[in-house]
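Hi everyone, thanks for coming. Let's take a friendly walk through one structure together.

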Amino acid sequence: MKILLVSESYPPITSGVSTVVAEYAQMLRTCHHSVSVITTNNSFTTSVSTIQGIKIYRIKAIKGFIRPDCPFPIPSYKEIQTIIRKERPDIIHEHSILTLASVVQRVAKHNNIPIIATVHGIPPWLVTYFTLPKIFLVALEYIFWVFLKNHLNKITHITTPSLYVKRELISHGIHVACTVLPMWIAPFPQTIPTKLTHFHFDPSVIYYCFIGRLDPDKNLPFLLHAWIYFQKLYPHAEKRKFLLVGSGKQKSLLHSIAAQDVTHSILFLGKYEEKKVYYFYQHCHFFCMSALYETQSIVTLRAISAGKT
């Protein structure tokens, strides 16, 4: 089968969606399907490349206004039509329901190609990126729901990573058949670094750890304020450390909050390559995830698989 994946997030962009789509593409190839991808470029240019047998079309984009590390696509009907006519997919699988998917949907309809969509995120999650008064956020969430409803009710089938997302879609008037299809996580590598150059775990200290993007949807200001209060409230604060592994839009804000911690127990470790991140999963004592909306958190599942609470 010829399958065309559509996602505004794809490596080298770091996100849960890009990770899932990239691994999904490789898995489809191992099942002997022909796979191609339409995604965004990190500049206002187009490019085509083939990586591990997967043809990747990167269309023009500008800097993302919701997430700076995720370019915002500027698709043209003609460009998408040319790609789809060239690839002639049997089915199109959307992983992003924004401007790119809207143009793809129009072209697919004209060419009688069925579309399925995986809904990785819903409007309550999306509005966490906007720093607006609550009344405006409520209105914005409503607009996003209307857009999502109109888009999804025109496709063939929907998959969601959790029952929670499926229930939310149904409650907001989306009537297309929907299947809950949890995402997988890669097993822990056989070899995990025993130490890192710039950090090592002190056996006399209890470590709490967050791994992921330092972005608004993770609700990290709340988590750091709670940590600072926790350190003041309970004794032996010097025996506890809080690690943040990752980078993102709120890095400066979080540093300013951490400066209020008189115990100096909050450590920003930056971004690590994938295989080194497992070092933190293995050696921390507690894993923390403060996001209000996680349709299915890959990092949390990895922490659970490492036996963390």
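**A walk through the model**

Let's start with Ile-74, which is partly exposed, with a relative accessible area of 34%. Here, buried means under 20%, exposed means over 50%, and partly exposed is in between, with a 1.4 Å probe and protein chains only. This is a predicted model, where local features need pLDDT of at least 70, side-chain atom pairs count only at pLDDT 80 or more, and totals for chains, interfaces and linings use all residues. Residues are numbered from 1 along each chain as its sequence is written, and side-chain values use heavy atoms, leaving out hydrogens and water.

You'll find Ile-74 in the loop between strand 6 (72-73) and helix 2 (77-87). Helices (H or I, at least four residues) and strands (E, at least two) are DSSP runs, numbered from the N terminus.

In the order 3-4-2-1-7-8-9-10, 8 strands form an open sheet with mixed pairing. Two strands pair if DSSP finds at least two bridges between them. At the edges sit strand 3 (47-51) and strand 10 (178-180), each pairing on one side only.

How do strand 3 and strand 4 (residues 54-59) run, parallel or antiparallel? They run antiparallel, joined by 5 bridges. Ser-47 has Arg-58 in strand 4 as its bridge partner.

Elsewhere, strand 12 (residues 240-245) and strand 13 (residues 266-270) run parallel, with 4 bridges joining them. Look for Leu-243, which stands opposite Leu-267 in strand 13.

That's my tour, thank you!
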